[in-house]
Amino acid sequence: MDTSAKLDIAQLRINDERLWDSLMELAQIGATPKGGVCRLALTDLDRQGRDLVTRWAREAGMTVTIDKIGNGFMRRPGRNNSLPPIMTGSHIDTQPTGGKFDGNYGVLAGLEVVRTLNDHGIETEAPIEVAFWTNEEGSRFVPVMMGSGVFARAFTLEHAYAAADAEGKTVRQELERIGYVGSQEPGEHPIGAYFEAHIEQGPVLEDHARTIGVVTGVLGIRWYDCVVTGMEAHAGPTPMALRKDALQVATRLMQEVVACAHRHPPHGRGTVGMVQVHPNSRNVIPGQVRFSIDLRNASDADCDAMDADIRAVAERLSRETGLPIEITLVSSYPAQPFHADCVEAVARAAQALGYSHMPAVSGAGHDAVYMARLAPAGMVFIPCKDGISHNEIEDATPQDIAAGCNVLMHAMLERAQVV
Ligand SMILES: [Zn+2]
């Protein structure tokens, strides 16, 4: 490769307007009066969205493969097609009150990368693929991140096929109805590396006035049920010193959930979102309180530390008050750090392009979480207005949309090698 070719690649930028226009055109399928999108997985609208995106891919010279769970792989060949593809992607299904950018941005940014390479006749050593994953949102069918989850063998194809919506229609029936059951076995598709561009869906980038979030990983989650047991008694005749007030103890522990998150910075999160007081009567001292605890952090070790912390606090409170406190883990999702090579490739691209950037963690799940089990993976975040997502008012600026796509392109090109 001569120096002038190298310079050309460094100068390469996507077509901002074309990417924006494609986003706006796809957003018309299932458009809501408030400016959002309702395009639930495996509906007729989802089919129309898939048809449009795959048509665009074919027009860009890509081949399209669909697997048995309806994941789509749009491929631009490389010079050496025995190499596993450098992949990007996301999802095009939305929440019932979804926005134009969640998921759709990641898929169309991938398409824009390919269109840009085509414009300039740039060849890569490894093939490039753009994936759209079935039912990421999990709004109509559970589990969430279904297509990428089956692909990564987090659960079986049969389990996903059997999932039914509120009307009893199954994933299998609906995939067949919209014509998106492919022949490829999910997971039988090599990946060299995976990148995903996504709106942040939170307020941190905006708060720090940064354009690019270099995502280092996705937070692990621990969900607990907590029960504090006291003794119901009449609110009048029972003097303060002789009470076993479960709510007074529970609220102290609830404060500690938040304090625990503060004790494990910078990524600790602690939330009590659900509370049941028994018997929930104005003139009865609460005899039992049940509440949820949601703890998150960036590594499993940090999650373990928060677990030990909150349990120690509960034990101390129980000793002090004489009231039994039970904490039961009900579910747990491991933290998913992204691969250092991919994280660094994203950071290098942001730096070289001159965009303000900062490390970021994702508090929400993404298809990239499952891909990270299979291949080196990384994500690019861009700000969304007021940090709002899963809402029809979800918004992002054309400048940030373009910046994230340029970062995606240069990170992918580093891995795919320009020839
Ligand atoms: Zn998403």
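## Surface and overall dimensions

Accessible areas come from the Shrake-Rupley method with a 1.4 Å probe. On that basis, the accessible surface of this protein, a predicted model, comes to about 18,000 Å². Carbon and sulfur atoms account for 51% of that surface.

The C-alpha atoms fill a box of roughly 85 × 50 × 40 Å along the principal axes.

## Fold composition and contacts

The protein comprises 13 helices and 16 strands. Of its 419 residues, 54% count as buried. Among contacts with a sequence separation of 6 or more, 79% are made by residues 24 or more positions apart.

The side chains include 37 positive and 53 negative ones. The centres of these two sets lie 3 Å apart.

## The zinc site

Which residues coordinate the zinc ion? The ion is coordinated by His91 through NE2, Asp102 through OD and His198 through NE2, at 2.0 to 2.3 Å. Along the chain, these donors follow the spacing H-x10-D-x95-H. Histidine 91 and aspartate 102 both lie in the loop between β3 (86-90) and α4 (104-119), so this pair ties together parts that are 11 residues apart in sequence.

Are histidine 91 and aspartate 102 buried or exposed? The cut-off for a buried residue is under 20% relative accessible area. Histidine 91 has a relative accessible area of 0% and is therefore buried. Aspartate 102, at 5% relative accessibility, also counts as buried.

Leucine 52 is located in helix α3, which covers residues 44-59. With a relative accessible area of 9%, leucine 52 is buried, because the value falls under the 20% limit.

Definitions and conventions
Residues are numbered from 1 along each chain as its sequence is written. This is a predicted model: local features need pLDDT of at least 70, side-chain atom pairs count only at pLDDT 80 or more; totals for chains, interfaces and linings use all residues. Side-chain values use heavy atoms; hydrogens and water are left out. Helices (H or I, at least four residues) and strands (E, at least two) are DSSP runs, numbered from the N terminus. Buried means under 20% relative accessible area, exposed over 50%, partly exposed in between (1.4 Å probe, protein chains only). Donors are N, O and S atoms within 2.8 Å of the metal (3.2 Å for Na, K and Ca); water is not among the atoms, so sites may look incomplete. Contact means heavy atoms within 4.5 Å. Lys and Arg count as positive and Asp and Glu as negative; His and the chain ends are not counted. The place of a charge is taken as NZ of Lys, CZ of Arg, CG of Asp or CD of Glu.
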